[in-house]
Amino acid sequence: MMDPCDHCEEVMQPYLDRALSVEEQTSVEEHLASCPWCAKRFTFESELRGYVKVACTEPMAPDLKDRLAALRTPLQ
Ligand SMILES: [Zn+2]
């Protein structure tokens, strides 16, 4: 039997790309609602994407690097 958290990790990128079917997206959202650990990971990934988008249009601010480092630490 597949660990739902492993499945979450697999679909994280397509989910953030909005590339999943409605059924898949709903099952991911249901899992996130009941699994704080995956919810935290998804929040981290989506925030990271936001930062990367900003970093592409602006020079990397020193405080941004600190915030990225602070976000990454709890997940290791
Ligand atoms: Zn999970």
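Is the crossing of H1 and H3 left-handed or right-handed?

1. The crossing of H1 and H3 is right-handed, a term that applies when the near helix is turned clockwise from the far one by less than a right angle, anticlockwise being left-handed. The axes of H1 and helix H3 (residues 36-57) come within 11 Å and cross at roughly 25 degrees, where axes are lines fitted to C-alpha atoms, for helices over the stretch in contact, and angles run from 0 to 180 degrees between N-to-C directions. H1 is therefore roughly parallel to H3, on a scale that counts angles under 35 degrees as roughly parallel, over 145 as roughly antiparallel, 65 to 115 as roughly perpendicular and the rest as oblique. On the H1 side the contact is made by Cys5, Cys8, Met12 and Leu16, and on the H3 side by Trp37, Cys38, Phe42, Glu45, Ser46 and Arg49; two residues are in contact if their C-beta atoms, placed from the backbone, lie within 7 Å. By class, these residues divide into seven nonpolar, one polar and two charged, with Ala, Val, Leu, Ile, Met, Phe, Trp, Tyr, Cys and Pro counted as nonpolar, Asp, Glu, Lys and Arg as charged, and the others, Gly among them, as polar.

2. On provenance, this is a predicted model, in which local features need pLDDT of at least 70 and side-chain atom pairs count only at pLDDT 80 or more, whereas totals for chains, interfaces and linings use all residues. Residues are numbered from 1 along each chain as its sequence is written.

3. The protein chain has four helices and zero strands, in the order α-α-α-α along the sequence; helices (H or I, at least four residues) and strands (E, at least two) are DSSP runs, numbered from the N terminus. Of its 76 residues, 4% count as buried, that is, with 20 or more other C-beta atoms within 10 Å of their own, against 12 or fewer for exposed and values in between for partly exposed, the C-beta atoms being placed from the backbone.

4. The pairing of helix H1 (residues 4-16) with helix H2 (residues 22-34) brings their axes within 10 Å, with a crossing at roughly 125 degrees, and the two are therefore oblique to each other. This crossing of H1 and H2 is left-handed. Pro4, Cys8, Val11 and Tyr15 in H1 meet Glu24, Gln25, Val28 and His31 in H2, a contact of five nonpolar, two polar and one charged residues.

5. Cys38, in helix H3, is partly exposed, with 19 other C-beta atoms within 10 Å. Leaving aside neighbours within four places in sequence, Cys38 is in contact with Cys5, Cys8, His31 and Leu32. The C-alpha atoms of Cys38 and Cys8 are separated by 7.2 Å, although the residues are 30 apart along the chain. Glu9, in helix H1, has its C-alpha atom 8.1 Å from that of Cys38, and counts as partly exposed with 13 C-beta neighbours inside 10 Å.

6. In the loop between H1 and H2 lies Arg18, whose phi is near 60 degrees, a positive value in a residue other than glycine. Most residues other than glycine have a negative phi. Arg18 counts as exposed, with 7 C-beta neighbours inside 10 Å.

7. The chain averages a pLDDT (the predictor's confidence in each residue, from 0 to 100) of 84, and 88% of the residues score at least 70. Confidence is lowest in helix H4 (residues 62-72), at a mean of 77, and highest in H2, at 94.
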